[in-house]
Amino acid sequence: MITVIETVKEMQNISSKLIKSGETIGYVPTMGYLHEGHLTLIKKARKENSKVIISIFVNPLQFGPNEDYETYPRNFARDKKLASEAGVDYIFYPSVQEMYPTEMTTNLTVTKRTDVLCGKNRIGHFDGVATVLLKLFSIIRPNRVYFGLKDAQQVAVVDGLIQDFNLPIELCPVETVREEDGLAKSSRNVYLTMAEREEAPHLYKSLQEGVRLIESGKRNPEVVIAAINKYLKSNISGEVEYVEIHSFPSLLPLRQLEGKIIIALAVKYSKARLIDNIILNVT
């Protein structure tokens, strides 16, 4: 039987009892409107922990002034049903007032891993992500936390947050869940028009083209990026915001492709912005 918790105090009390009784807590932070990507994280947490907690909280701190906070899809009844079927024990479902009862006197500023990819055009976004996650980690006190690698920059930021603050939490990144045609699953896919949805699989195909070039021996990142851009411009109508290659998870620039790297892109459609990436080891 799934339990919904709406207050910080009750969530803290339950977590304390679980920890004292020797339970392990697997935690999946979400903003709701659950899809198969979230459910994959939940199922992995279910396998690896005796208790699973998810949070559903659309965090206003991580939305910029022109972003979709007000229109972000929300359907708690649907989310509760899906979470229950996936084996979640507790849903932490606080209001904004509960999470931020007064103006914050302290906010985190993320100083590394945010000046590239989505972070460079979303000033303050990852500050908001880090701030709410530190609050949530403090409230729930999980043993393990699960994030999808679709938002690999977020994974890199969370990795830094856990290391910097010596948090006793194991970060468990999970591979991107995709539709049969390769499109990364996302809550925002519902905003695509039929024509946009038909061409959207080319995002992943362009990344695969980059991998193919690397595997054929190309080691100059600019050559690989140019090939991906050429593929995208030939196959999609959306605006290519960026195609970038960096080390992972440090997200530093590379002159030569070697070690663990990320190839990532973002494409803006009429009502949806899609991101995708591939992470690979280059030897």
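**Pockets, cavity and core**

Guide: Twenty residues, written as 20, line the second largest pocket, and Val 110, Thr 111, Lys 112, Arg 113 and Asp 164 lie nearest its centre. This is a predicted model, in which local features need pLDDT of at least 70, side-chain atom pairs count only at pLDDT 80 or more, and totals for chains, interfaces and linings use all residues. Residues are numbered from 1 along each chain as its sequence is written, and side-chain values use heavy atoms, with hydrogens and water left out.

Visitor: What makes a space a pocket, and what makes it a cavity?

Guide: On a 1 Å grid over the protein atoms alone, a pocket is an open set of points with protein on both sides within 12 Å along at least five of seven lines, whereas a cavity is a set where a 1.4 Å probe fits but cannot get out; lining residues have an atom within 4 Å of a point. The second largest pocket has a volume of about 400 Å³, and H6 gives the largest share of its lining, six residues. The structure also holds one cavity of 30 Å³ or more. The largest cavity contains about 80 Å³ of space, and among its 13 lining residues Leu 117, Lys 150, Ala 152, Gln 153 and Tyr 242 lie nearest its centre.

Visitor: Why is S2 called mostly covered?

Guide: Buried means under 20% relative accessible area, found with a 1.4 Å probe on protein chains only. Six of the six residues of S2 are buried, so the strand is mostly covered. Ile 25, Tyr 27 and Pro 29 are buried on one side, and Gly 26, Val 28 and Thr 30 on the other.

Visitor: How do you know that S2 and S3 pair?

Guide: Two strands pair if DSSP finds at least two bridges between them. Six bridges join S2 to S3 (residues 51-56), so the strands pair, and they run parallel. Tyr 27 stands opposite Ile 53 in S3.

Visitor: What is a nonpolar core, and which residues of the largest one touch the most other members?

Guide: A nonpolar core is a set of buried Ala, Val, Leu, Ile, Met, Phe, Trp, Tyr and Cys residues joined through side-chain atoms within 4.5 Å. Of the 47 residues in the largest core, Phe 92, Met 99, Leu 133 and Phe 137 touch the most other members. H5 (125-140) is one of the elements that each supply at least two residues of this core, and the largest share, nine residues, comes from H5.

Note on methods. Buried means under 20% relative accessible area, exposed over 50%, partly exposed in between (1.4 Å probe, protein chains only). Helices (H or I, at least four residues) and strands (E, at least two) are DSSP runs, numbered from the N terminus. Grid points are joined across faces, edges and corners, and a volume is the space filled by probe spheres set on the points.
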